Amino acid sequence: MAGAARMPEEVRATMGKATQDLRESGIMDNVIKVGDTLPAFSLKNTDGVDVSSATLLKEGNLVLTVFRGHW
């Protein structure tokens with residue numbers, strides 16, 4: 001992690017512990033995995049128009065990417 005090298009050690013340690021605590025909680029047993037089938041959903045595109053997963057799937061495979069944080 002290139003960004004981790006620039007973090008203060010105490011921040012890196014806190015984030016590492018939080019990540020480890022999450023893993024030990026069993027939360028990873030319920031995350032979406034590659035190939036899982038998701039329920040139908042609808043999201044707004046960049047123009048604010050609702051786009052449904054069902055409509056997109058009619059055109060072919062659908063890849064969903066989730067970004068955390070700010071742009």
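Which helix is the place of alanine 18? Select alanine 18 and you land in helix α2; helices here are DSSP runs of H or I with at least four residues, strands are runs of E with at least two, and both are numbered from the N terminus.

Before moving on, some ground rules. This is a predicted model, in which local features need pLDDT of at least 70 and side-chain atom pairs count only at pLDDT 80 or more, while totals for chains, interfaces and linings use all residues. Residues are numbered from 1 along each chain as its sequence is written, and side-chain values use heavy atoms, leaving out hydrogens and water.

**Stop 1: along helix α2**

Stay on alanine 18, which is partly exposed at a relative accessible area of 39%. The scale used is: buried under 20%, exposed over 50%, partly exposed in between, with a 1.4 Å probe and protein chains only. Draw a distance to alanine 4, which is 14 residues away along the chain, and the C-alpha atoms come out 15 Å apart.

Now pick arginine 12 and glutamate 9, whose side chains meet in a salt bridge of 2.6 Å, N to O. The term asks for a side-chain nitrogen of Lys or Arg within 4 Å of a carboxyl oxygen of Asp or Glu. Both residues sit in helix α2, three residues apart, or about one turn of the helix. Arginine 12 is partly exposed, with a relative accessible area of 30%.

Next, select aspartate 21 and lysine 17, another salt bridge, with the closest N and O atoms 2.9 Å apart. Aspartate 21 and lysine 17 are four residues apart in helix α2, so about one helical turn separates them. Aspartate 21 has a relative accessible area of 36%, so it counts as partly exposed.

**Stop 2: the remaining salt bridge**

The structure holds three salt bridges. To see another of them, select aspartate 50 and lysine 44, where the closest N and O atoms are 3.2 Å apart. Aspartate 50 is exposed at 51%, and lysine 44 is exposed at 57% relative accessibility.

**Stop 3: helix α3**

Leucine 56 lies in helix α3, residues 53–58. Its relative accessible area is 33%, so leucine 56 is partly exposed. Draw a line from leucine 56 to aspartate 21: they are 35 residues apart in sequence and 37 Å apart in space, C-alpha to C-alpha.

**Stop 4: the loop between α2 and β1**

Valine 31 lies in the loop between α2 and β1, and counts as partly exposed at 30% relative accessibility. From valine 31 to alanine 4, 27 residues apart along the chain, the C-alpha atoms are separated by 24 Å. Leucine 38 belongs to the loop between α2 (9–24) and β1 (42–44), and is partly exposed at a relative accessible area of 34%.

**Stop 5**

Finish at the largest pocket, lined by 18 residues, with Ile32, Lys33, Asp36, Leu38 and Leu64 nearest its centre. On a 1 Å grid over the protein atoms alone, a pocket is an open set of points where a 1.4 Å probe fits, with protein on both sides within 12 Å along at least five of seven lines; lining residues have an atom within 4 Å of a point.
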